[in-house]
Amino acid sequence: MSNVTYSTSIEEIDKRRQHETLPDKNTEKEQSIVIIKHLDRLNTQLLKEYSEGIFFINCEGDIVFSNEAAFKLTGNEHKQKSQQLTALIHKSKQQQAQELFQCALRRSKKLY
């Protein structure tokens, strides 16, 4: 059994701190990257399992992410995912959807 002594002296604590080495910045960066990757996987999993339909689209209207609920909304199976969001919209509404999409893009460019 080892003897453990505790210091109550502020001077003694300061002396110990002077001898401690600072954490390696590379190690901190690597740990941060691991945490970010873990959170990204967690967020992706939450989005996939969310009960409401979610589509992420890029500026060209291509679907870059969708959850299964999104394709159930459109009547398509998740495996038959379309590249363009407008392809999932009824033909009679595709032109209107494209115009609204372009309008939204113009507005978002004004914000930045």
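1. Thr74 contacts. Leaving aside neighbours within four places in sequence, Thr74 is in contact with Phe55 and Leu88; contact means heavy atoms within 4.5 Å. Thr74 is found in helix H3, residues 68–74. Helices (H or I, at least four residues) and strands (E, at least two) are DSSP runs, numbered from the N terminus. Thr74 counts as partly exposed, at 29% relative accessibility. The scale is this: buried is under 20% relative accessible area, exposed is over 50%, and partly exposed lies in between, with a 1.4 Å probe and protein chains only. Gly53 sits 21 residues from Thr74 along the chain, and their C-alpha atoms are separated by 9.4 Å.

2. Basis of the model. This is a predicted model: local features need pLDDT of at least 70, side-chain atom pairs count only at pLDDT 80 or more, and totals for chains, interfaces and linings use all residues. Residues are numbered from 1 along each chain as its sequence is written, and side-chain values use heavy atoms, with hydrogens and water left out.

3. Overall layout. The protein chain has four helices and two strands. From the N terminus on, the order is α-α-β-β-α-α. Of its 112 residues, 15% count as buried. Take the contacts with a separation of 6 or more: residues 24 or more positions apart account for 16% of them. The chain exposes about 10200 Å², and carbon and sulfur atoms supply 53% of that. Accessible areas come from the Shrake-Rupley method with a 1.4 Å probe; for residues, only the protein chains shown count as cover.

4. Salt bridge. The structure holds one. The term requires a side-chain nitrogen of Lys or Arg within 4 Å of a carboxyl oxygen of Asp or Glu. Lys72 pairs with Glu68, and the closest N and O atoms are 3.9 Å apart. Both residues lie in helix H3, four residues apart, about one turn of the helix. Lys72 is exposed, at 61% relative accessible area. Glu68 is partly exposed, at 42%.

5. Aromatic pair. There is one aromatic pair in the structure. The rings of Phe56 and Phe65 have centres 5.3 Å apart and planes at 40°, so the pair is tilted. The rule: rings of Phe, Tyr and Trp (its six-membered ring) pair if their centres lie within 6.5 Å; planes under 30 degrees apart count as stacked, over 60 as edge-to-face and the rest as tilted. Phe56 is partly exposed, with a relative accessible area of 40%. Phe65 counts as buried, at 14%.

6. Asp62. This residue is placed in the loop between strand E1 (55–57) and strand E2 (63–66). Asp62 is buried, with a relative accessible area of 18%. Not counting residues up to four places away in sequence, Asp62 touches Phe56, Ile57, Gln83 and Gln84.

7. Surface patch. Ile35, Leu39, Leu42 and Leu46 form a nonpolar patch on the surface, with about 370 Å² of accessible area together. Patches are made of residues with over 30% relative accessible area and no salt bridge; like charges are joined within 9 Å, and nonpolar side chains (Val, Leu, Ile, Met, Phe, Trp, Tyr) within 5 Å. Leu39 lies in helix H2, residues 25–49. At 42% relative accessibility, Leu39 counts as partly exposed.

8. Cysteines. The disulfide count comes to zero, where a disulfide is a pair of cysteine sulfur atoms within 2.5 Å. Cys59 is exposed, at 52% relative accessible area. Cys103 is partly exposed, at 22%.
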